[in-house]
Every structure is written in structure tokens, then in C-alpha cells.
Amino acid sequence: MAACAALVPLTIMAGSSPASAQATFCWTGGPDVRKGDTTRAEITQQAHNTWQDYVWRSSDIYFCDWGSAGPCPYSWAKTKSVTWQWSVGVIVGGQNNPTTALLQILPSFGRTTTSTVSFTSGVNVPRGKHAQALHVVVRRWRKGDFVGAFRLNGKQCTVRNQGVPNFPGREYYWDGNYRWGSWSDNIAVDDYNTIRVY
């Protein structure tokens, strides 16, 4: 797995987190690092090679009999819609941060798409071999970290919490260059249909 020459920023997350433009804010508790609405995920490394993910396999499996003159012409002339996940194998780690919140930063997490493909060409299947129509997603492994967070500055503060005035809290400040946490996934880079002979 080769390291990228430069970091590639992903889509900026939008959410209900405190605005990053705010210099400081008082919070009644929580981790030492909190994400903001401009916290972003950046790629730091990705695999040079891709791999094939069979997201759909036809149940119609053709067999070229040993007794045939061979090879046997075969085609699967149908149209098929396949729903598949854009990114799989997502792993997120953060310094005491809720994983569900961090996953929102990755634009590909949980996203699904549907491909409609038509099988119009065929193959010649050697004697004793099988043929099966497939829909393939080409994936690439990536990893990275998060950039930008609210961090504790060590100061005490007070806030109004659920009607209670002067509730003790801790003061956070925005650090847009702070790198923290980690993530990895297998993202789709292409998809196509084919007939596999085996």
C-alpha cells in the first residue's frame, strides 16, 4: 500500500456541532477533543491496487457439458438493477468521541447506489466449465485521520444548563489544524457487469 504524495480532503461535514468560527465555548462535560461543523476527514494513505467485489451473482449458472463439441456459446441477455453500498468496511477511531458522530464526517459511509446494467454480449465457455453473470464493484482501500477540533484549554467556565444558572463547565477553543482520530474504508471506484467463466 503506497502512501499518497499529498493529503486529499473529503467533503466537509455538516451537522449540529458548535460552529468552528466561535473562538471558545463552554461545555459541561465531554471528551478532550470535540468535532466541529468544519471537522473534515483527510486521506493519508491508499492502496495502489484495487480489488473486485461481486455485489450480485446470477442464480442462472451455465455448464458446458464435457460431451459437447465445445466451446459452448453462452449469453445472459437481461437487464438487472443492483443496489450496493458505496463504501464498506468503515472503521473509525477517535479520542473519546462518539463513533456515530464521526461517521457523519465520511460522506461515503452508509451511502447506497443502484446500478442498472444490461448483459448484451456473450462468451464461449470451454467444455467442463461454468459461466455466471456478475455485477462487480471495483474497490480501493484507504485510510486517514480527522482535521479540526474543539480542544480543552484548561480553563473553567459556567453555563446555564436546564434552567440551572452558573453550572460548572470547561472551556474549549477551535484548532482548525489539529489532527486526531483515524478512519479506514474500502470505497468504490468503478462498477461494471461481466460474465465469469470458471
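Predicted model: local features only at pLDDT ≥ 70, side-chain atom pairs only at ≥ 80, totals over all residues.

Visitor: What share of the contacts in the protein chain with a separation of 6 or more is accounted for by residues 24 or more positions apart?
Guide: This value concerns how far apart in sequence the contacting residues lie. For residues 24 or more positions apart, the share of the contacts with a separation of 6 or more is 85%.

Visitor: What percentage of the residues of the protein chain count as buried?
Guide: The protein chain exposes about 10800 Å², and carbon and sulfur atoms supply 49% of that area. A residue counts as buried when its relative accessible area is under 20%. Of the 198 residues, the share that counts as buried is 36%.

Visitor: Which element gives the most to the largest nonpolar core?
Guide: The largest nonpolar core has 15 residues, and those with the most contacts inside it are Trp56, Tyr74, Trp76, Phe119 and Ile195. Two or more residues come from each of the strands E6 (72–75), E7 (79–85), E11 (130–161) and E12 (164–197). With three residues, the element that gives the most is E11.

Visitor: How many residues has the other core, which lies apart from the largest one?
Guide: Among the members of this other core are Leu102, Leu103, Phe146 and Ala149. Its number of residues is 13.

Visitor: Which residues is Phe119 in contact with, leaving aside its neighbours within four places in sequence?
Guide: Phe119 is one of the residues with the most contacts inside the largest nonpolar core. Once the neighbours within four places are left aside, its contacts are Trp56, Trp76, Ala77, Lys78, Ala133, Leu134, Asn193, Thr194 and Ile195.

Visitor: Is Glu42, which forms a salt bridge with Arg40, buried or exposed?
Guide: The closest N and O atoms of Arg40 and Glu42 are 2.8 Å apart. Arg40 has a relative accessible area of 23% and is partly exposed. Glu42 has a relative accessible area of 6%, which is under the 20% limit. Glu42 is therefore buried.

Visitor: How many residues apart are Asp60 and Lys78?
Guide: Asp60 and Lys78 form a salt bridge, with their closest N and O atoms 3.4 Å apart. Asp60 lies in strand E5 (residues 51–63) and Lys78 in the loop between E6 and E7, so the pair links distant parts of the chain. Asp60 is partly exposed at 35% relative accessibility, and Lys78 is partly exposed at 43%.

Visitor: Which residues do salt bridges that share partners join into one network?
Guide: Asp145 and Arg179 form a salt bridge, the closest N and O atoms being 3.0 Å apart. This pair links strand E11 to strand E12, across 34 residues. Asp145 counts as buried at 15% relative accessibility, whereas Arg179 counts as partly exposed at 37%. The network consists of Arg40, Glu42, Asp145 and Arg179.

Visitor: Why is the pair of Phe25 and Phe150 given its class?
Guide: A pair of aromatic rings is described by the distance of the centres and the angle of the planes. Here the centres are 4.9 Å apart and the planes stand at 75°. Planes over 60 degrees apart meet the cut-off for this class, so the pair is edge-to-face.

Visitor: What is the angle between the ring planes of Trp56 and Trp76?
Guide: Both Trp56 and Trp76 are buried. Trp56 lies in strand E5 and Trp76 in the loop between E6 and E7, so the pair ties together parts 20 residues apart in sequence. Their ring centres are 5.3 Å apart, and the pair is tilted, with an angle of 55°.

Visitor: Over the ring of which residue does the charged end of Arg151 sit?
Guide: The charged end of Arg196 sits over the ring of Tyr198, 4.2 Å from its centre. For Arg151, the charged end lies 3.8 Å from the centre of the ring, and that ring belongs to Tyr178.

Technical notes
Residues numbered from 1 in each chain as written. Heavy atoms only, no water. Core = buried A, V, L, I, M, F, W, Y, C linked by side-chain atoms within 4.5 Å. Buried < 20%, exposed > 50% of the residue type's maximum accessible area, 1.4 Å probe, protein only. Helix = DSSP H or I, 4+ residues; strand = E, 2+ residues; numbered from the N terminus. Contact = heavy atoms within 4.5 Å. Salt bridge = Lys/Arg side-chain N within 4 Å of Asp/Glu carboxyl O. Phe/Tyr/Trp six-rings, centres within 6.5 Å; stacked < 30°, edge-to-face > 60°. Lys NZ or Arg CZ within 6 Å of the ring centre and 35° of its normal. Areas by Shrake-Rupley, 256 points an atom, 1.4 Å probe, with all protein chains shown as cover.
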